[in-house]
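Reader: I'd like to learn how to read a few features of a protein model. Could we go through them together?
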Amino acid sequence: MKDRAAHLRQLLNHHAHRYYVLDDPSIPDAEYDRLFKELQALEAAHPELLSPDSPTQRVGGAPVDAFASVRHRVPMLSIHTETDISDLGAQAFDQRVRKQLQLKENDAPVEYVAELKFDGLAISLRYLDHVLVQAATRGDGETGEDVTHNIRTIGQIPLRLPPQAPAELEVRGEVYMRRNDFEALNIRQRERIAAGAKNEKTFVNPRNAAAGAVRQLDPQIAAQRPLSFFAYALHFHPQEPQSLPPLEATLWGLQHYGTQAKVLQCLKAWGFAVAEETQTVTGAKGLVQFHQHIAGLRDQLPFDIDGVVYKVNRIDQQAQMGMVSREPRWAVAHKYPAQEELTTVLAIDVQVGRTGKLTPVAKLDPVFVGGVTVTNATLHNEDEARRKDVRVGDTVVVRRAGDVIPEVVSVVMEKRLHEAAIFTMPKLCPVCASAAVREEGEADYRCTGGLFCSAQQKQAVLHFAQRRAVEIEDLGEKLVDQLVDAGLVKTLADVYKLGFSHLATLDRMAEKSANNLLASLERSKSTTLPRFVFGLGIRHVGEATAKDLARHFGGIDAIMDASVEQLLQVHDVGPVVAQSLRTFFDQAHNREVVEQLRACGVHWQESDPQGRLDLPLSGHTYVITGTLPTLSREQAQALLEEAGAKVAGSVSKKTTAVVAGEAAGSKLEKAAALGIPVLDEAGLLALVKPAT
């Protein structure tokens, strides 16, 4: 029984290491649970078999009344921090190191280990006879708090070290919380709060959540918090030489390992997680490159960092350099600009995006965060603004990470003004005064002004001019920017009112370019009803829906006047699309733009209502793949649609047939597997001949 318990502990520790540290589990969760329960049962039946390194001890024991104090045998000292956001901090550190090591200009560059500066909680782990016996926080550097009961719950921290590790040692590292685990924790917290749970709260950031979990008096609660751990330092307590101060003595004890890089390799071999981004570099150039590399990688990491740490790699050189003002001379932290700062909300404005989305934006007392001065921060939408309960006058935490738009993370409630009013979204667009609506199931309010709203002008023109809509060649994004910014285009109809004299006033608009655009505008006036409807940019109305509407109603007036009930009779039009159409055409200025476009000469062929439902291929779906001998894919699609068919992009059981040309790929293989007929170009032409 004793042997079985020992075997189960060894087996479970092995698989826990693969799961938590290597992220490479080799057995299913159910099998791990079975082994775990077997060990639990053994220990319950035979308490004498229970040991401190048992995996069953990770789930948390009885709560403690208070944290006991722990005096660090080797002080947990801070590292000197460089806050210069340029590369000068790395260069200055290398110069100091070379000077203190008395290296000459022609001597080889110094070798460093460059590590991440984790934004978590520093922890010291003491092992005796290979078993974790104590875990303590940094505290004031001399004395910390005993948090062993909570640290045992972290799967990445070994409870027992392998025989090749020294019997007695101290490992230091950082307890942190991964970003995805932090988000999941806050979701659970919000659910508990919504369910009426008392004394619950959401957490401001991963570090705040990790620190709160480590300092829980009840380890059962800590066990429910998803904490992780990275190791980065090793200390010994050698008996000799006793005359040395603690830090120098532990460096003396590390001489056997030779370098910091070797220390990290050993920690990894003993079962600890070590950050993969750690590198060994040489000289100031290597430090600068590492700093720049991690700066670019920072926002992609699954956890938060606030800088990097440079350490002289050779232990003997560390010992030679020693200490100054209780900081090691051989290490420095090079911070990145803070990603979170405190500031005040001066106002909350609502901005209208190019697609009509209304976004509440907090106007801030200027604050330097993330490397820039921030004056605005997004509140995303009404729900988010309400959830965070941001109000004018509030003191808030603002975050900016990399190129991400600054956002308000949380409110400092203790500083809230008594008269601060709750934020509400406006019912009208702040730009054009059209109705602002929020569709069912949507988080965002949107302006219904569409073609009329000046905030949406550029997007509306570009969408209307694209190849799949009316296709105005030579009207690209830069030219649209110029036309709108110059006030020459305010609605879609204004595009067709442009003359040579208007275009001649624009920068870099040569005579040939102006004439080409005017010719393109003239050609685009002759279009089709589906292209025109799609070009209006009505929310939820794509190309396929525009074609269905054109087939069903036959003309633009019938579409504009159709009720929701009539719209729902169109193939593939549901309540959301029907309401979106009705809302769009209920705005008088959108109907006015349609009339202006027709007055400018934009035209198309219309048909009788319902007049296309009896076409030979109505109700059939085709897929086109490969290159046809004489027809382009667009021409083949047009022929099929003229005959009443729908053309889909993928093969399914609902596909009537596949039209295949040269170099047909996986769609042809899928058709064969499903037993769907395959046509060549001749077969297609024969199929649509009655409709042509």
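This is a predicted model: local features need pLDDT of at least 70, side-chain atom pairs count only at pLDDT 80 or more; totals for chains, interfaces and linings use all residues.
Reader: At roughly what angle do the axes of helix H24 and helix H26 cross?

Author: The axes of H24 (residues 633-642) and H26 (residues 681-688) cross at roughly 30° and come within 9 Å. Angles under 35 degrees count as roughly parallel, so that is how H24 and H26 lie to each other. The crossing in which H24 passes H26 is left-handed.

Reader: Which residues of H24 and H26 meet?

Author: From H24 come Ala636, Leu639 and Leu640, and they meet Leu684, Leu685, Leu687 and Val688 of H26. By class, this contact has seven nonpolar residues, with no polar and no charged ones.

Reader: And how should I read a nonpolar core?

Author: In soluble globular proteins, nonpolar side chains tend to be buried together. Here the largest nonpolar core has 56 residues, and Leu549 is among those that touch the most other members, along with Ile472, Leu475, Tyr496, Phe532, Phe585 and Leu597. Beyond its neighbours within four places in sequence, Leu549 contacts residues including Val533, Ile559 and Leu581. There is also a second, separate core of 43 residues, with Leu125 and Cys266 among them.

Reader: What about backbone angles: where is Asp389, and what is its phi?

Author: Most residues other than glycine have a negative phi. Asp389 has a positive phi of about 55°, and its place is the loop between helix H12 and strand E17.

Reader: Is Asp389 buried or exposed?

Author: Asp389 is buried, at 19% relative accessible area. Ala663 also has a positive phi, near 60°, but Ala663 counts as exposed at 72% relative accessibility. Look for Ala663 in the loop between strand E23 and helix H25.

Conventions
Residues are numbered from 1 along each chain as its sequence is written. Side-chain values use heavy atoms; hydrogens and water are left out. A nonpolar core is a set of buried Ala, Val, Leu, Ile, Met, Phe, Trp, Tyr and Cys residues joined through side-chain atoms within 4.5 Å. Buried means under 20% relative accessible area, exposed over 50%, partly exposed in between (1.4 Å probe, protein chains only). Contact means heavy atoms within 4.5 Å. Axes are lines fitted to C-alpha atoms, for helices over the stretch in contact, and angles run from 0 to 180 degrees between N-to-C directions. Helices (H or I, at least four residues) and strands (E, at least two) are DSSP runs, numbered from the N terminus. Angles under 35 degrees count as roughly parallel, over 145 as roughly antiparallel, 65 to 115 as roughly perpendicular and the rest as oblique. A crossing is left-handed if the near helix is turned anticlockwise from the far one by less than a right angle, and right-handed if clockwise. Ala, Val, Leu, Ile, Met, Phe, Trp, Tyr, Cys and Pro count as nonpolar, Asp, Glu, Lys and Arg as charged, and the others, Gly among them, as polar.
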